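Have the viewer open and follow along.

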Amino acid sequence: MAAGGGTKYADRPWPMKALLVWTHDGAKHFANWLVGWQLDPIVVVPPYVVLLIWAVHSTDPAAITAVWAMMVALSPLWLPIGLFVVFWVTWVHYIRFAFWFGPICESVLLEIQLPPEVEKTPLAMETFFATLWNTGGETTFLQRVWRGQMRPVFSLEILSTEGQVRFYLHTRKVWRPIVEARLYGQFPEAQIREAIDPISSLPFNLTEYGIWGSEYNKKVPGGWQGDALPIRTYIDFQLDKSPDKPENSIDPITNIIELMGTLGKGEHFWFQLLIRGRKEEEWYGFYTKTNKYKADGTAFIKRITEGAIKRAQEFVTDPVEKAKVGSRSAQLMTEIEKRQVESIERSMTKLTYDCGIRVVYCAKREVYNGINNASIIRFFDTFNTNHQYTNRLGVFNGTTYFDYPWQDIFDIRQNKEKRNLYFKAKHRAYFGVPYDQQPVHLSSEEVATLWHFPSSVVKSPSIDRVPAKVSQAPTNLPV
C-alpha cells in the first residue's frame with residue numbers, strides 16, 4: 001500500500017520519505033536499506049528518533065509537550081508492567097545462573113571408549129536416550145522461579161584433539177551412575193571413565209588461538225516453519241538393519257569422524273549435541289500449556305492434505321464429485337507428500353528433546369586453517385538431502401563475518417562473539433541461562449542419528465576403540 005495520497009513511497013522525494021518512514025512501506029524500505037548497507041538498527045534508529053523529535057519540536061513544540069504529558073499521565077498503566085517484565089527476566093536469569101554453577105549442577109565429563117565390535121544398530125543408542133528423557137527437577141513453580149531449578153541437560157560430544165577423535169558425554173555428577181548403567185546395558189564392552197575436559201584444559205586466548213563456530217536449526221523445505229518434519233535419520237539410511245553388512249554400512253556419521261580426524265598438531269574440533277527432555281512452551285518460568293512441536297506437525301500434515309485435495313478438485317466441476325474427492329486425500333498425495341506425512345507421524349510418536357547443536361573449530365594461530373570454517377557451515381550435509389521429504393540442518397547462529405568497517409570497529413564485536421563461543425562450548429551453555437538459545441526439537445530417532453557409535457565396518461584410525469573384546473572367565477577354572 002502506498003504511504004498516503006496514492007503515491008508510492010519509492011516515488012516520493014527524500015524529505016517526504018524521511019517523514020513517512022514510520023509507515024508500513026516506509027519501514028519496509030528503510031529496513032531493506034539498512035540490510036543492504038549492513039547497518040544495525042540498534043545503532044541507526046536512536047539517532048533517527050532524536051532527529052525526528054527535533055524536527056517535530058521545531059515545527060510544533062506543543063505536539064511534543066502533548067505526547068510527553070500523555071505518557072506521564074498513562075505511566076501508572078504501562079510503567080509497572082514494563083518494570084515487572086524487566087525485573088522478572090533479570091531475576092530468572094540470575095537465579096538460574098546461580099543454580100547452574102551451584103553444587104547440584106556439579107558436572108562430570110565421561111569419555112566413552114568404543115567397543116571393538118559394534119554389532120548393534122543405532123536403535124540401541126535410541127533406546128539409551130529414552131532413559132535420559134527426564135523432565136523432573138522443576139516440577140513446581142517455586143522450584144523454577146525461586147531456586148532456579150532446571151531439568152537435567154546432557155551434552156553428547158565428539159571431540160577431536162589434534163586428530164584423535166573421542167566420544168564424550170557431559171552430565172551432572174548425580175546422573176553418572178544412571179548414565180553408566182544404561183550405557184553398559186546397551187554396550188557392555190564399551191569402557192567409560194571420567195576424563196579431563198579437552199575444552200576447559202585448553203589455554204584459550206584470542207592472541208594465540210583462532211576460533212570459529214556455528215549453531216544449527218532445521219530448515220524446512222518450502223519455507224514451512226516447524227521442527228516436526230524430521231531430518232534424514234538412520235532408518236532412511238537403512239541402518240536399522242544389521243550394520244555389519246556392506247550394503248548397510250553407509251553411515252553419515254563417518255564423514256564427521258573422518259573430517260575431525262584430519263586435524264594436525266594444535267588443531268581442535270568440537271561437536272556438541274545438548275539435549276533435555278521436552279516439556280510445554282515456557283516463558284521465564286511460566287508454562288504456556290501448549291506443544292508447538294506437535295501443533296506445527298499437525299498443521300503441516302493438514303496443509304499437505306488440503307493441498308492434495310485442492311489439486312484434485314480443480315479437475316472436477318460437479319459438487320458431489322468434489323466431495324468424494326475430498327474423502328480420498330491419502331490417495332491424492334504425491335510420493336514426496338506421503339513420505340513427509342509418514343515421517344512426521346513417526347517422529348511425533350517418539351520422545352522429543354529440546355536440543356542445541358554446536359560445532360566449533362579452534363586452533364593455534366600459526367596452524368589455523370580457514371577452510372574448516374566452510375566445513376562447519378556444511379557440517380551436516382551428509383544428513384541432508386535434495387529431496388523435500390526430509391528436513392535439513394542449517395546454520396542460524398554463530399561467529400559472523402563483517403563486510404563493512406562500520407560493522408565492527410577494531411574487531412570488538414567479533415572478538416566478543418569468539419569469547420562467548422568458547423565460554424558456551426566450555427560450560428555447555430545453551431538452556432535457561434543468559435546465554436540461552438532457541439532450541440531445535442529432535443526426536444529420539446534423530447538424536448540417535450546424529451550421535452551413535454559407528455559400526456565395526458568403520459576402520460578409521462582416528463577412532464578410539466577398546467583394544468580387545470572382553471569376555472567372562474570360564475566358571476570351571478581351578479582356584
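Of the 479 residues in the protein chain, 45% are buried, where buried means under 20% relative accessible area, exposed means over 50% and partly exposed is in between, using a 1.4 Å probe on protein chains only. Before going further, keep in mind that this is a predicted model, in which local features need pLDDT of at least 70 and side-chain atom pairs count only at pLDDT 80 or more, while totals for chains, interfaces and linings use all residues. Residues are numbered from 1 along each chain as its sequence is written, and side-chain values use heavy atoms, with hydrogens and water left out.

The secondary structure comes to 15 helices and 11 strands; these are DSSP runs numbered from the N terminus, with helices being H or I over at least four residues and strands being E over at least two. As for contacts (heavy atoms within 4.5 Å), take those between residues at least 6 apart in sequence: 77% of them join residues at least 24 apart.

Now to the helix pairs. Pick out α9 (residues 292–313) and α12 (residues 335–348): their axes come within 10 Å and cross at roughly 160°. Axes here are lines fitted to C-alpha atoms, for helices over the stretch in contact, and angles run from 0 to 180 degrees between N-to-C directions. The two helices are therefore roughly antiparallel, a label for angles over 145 degrees, with under 35 counting as roughly parallel, 65 to 115 as roughly perpendicular and the rest as oblique. On the α9 side, the contact residues include Y293, F300, I301 and I304, and on the α12 side they include E337, V341, I344 and M348. By class, this contact has eight nonpolar, four polar and four charged residues. In that scheme Ala, Val, Leu, Ile, Met, Phe, Trp, Tyr, Cys and Pro are nonpolar, Asp, Glu, Lys and Arg are charged, and the others, Gly among them, are polar.

E337 deserves a click of its own. Sitting in α12, E337 is buried at 13% relative accessible area. Leaving aside residues up to four places away in sequence, E337 touches I304, A308 and R311.

There's another pair to look at: α5 (residues 122–132) packs against α7 (residues 176–186) at about 160°, with the axes 9 Å apart. These helices are therefore roughly antiparallel to each other as well, and α5 passes α7 in a right-handed crossing. The contact is built from A124, T127, F128, T131 and L132 of α5 together with V179, R182, L183 and Q186 of α7. That gives five nonpolar, three polar and one charged residues.

On to charges. Side chains of opposite charge can pair when their charged atoms come close. How many salt bridges does a search of the whole structure find? The count is 23, with a salt bridge taken as a side-chain nitrogen of Lys or Arg within 4 Å of a carboxyl oxygen of Asp or Glu.

One of them joins R151 to E138, with the closest N and O atoms 2.5 Å apart. R151 is in the loop between α6 (141–145) and β2 (154–161) and E138 in the loop between α5 and α6, so the pair ties together parts 13 residues apart in sequence. R151 is buried at 2%, and E138 is buried at 2%. Both belong to a network of salt bridges that links E138, R151, R276, R278, E281 and D354.

Q149 is found in the loop between α6 and β2. Q149 is buried, with a relative accessible area of 13%, and touches F99, G137, E138, Q143 and R144, not counting residues up to four places away in sequence.

Elsewhere, D197 and R428 meet in a salt bridge at 2.7 Å, N to O, and the pair links parts of the chain 231 residues apart. D197 is buried at 13%, and R428 is buried at 6%. K364 and E208 also pair, at 3.4 Å; K364 is partly exposed at 25%, and E208 is partly exposed at 38%.

Notes
A crossing is left-handed if the near helix is turned anticlockwise from the far one by less than a right angle, and right-handed if clockwise.
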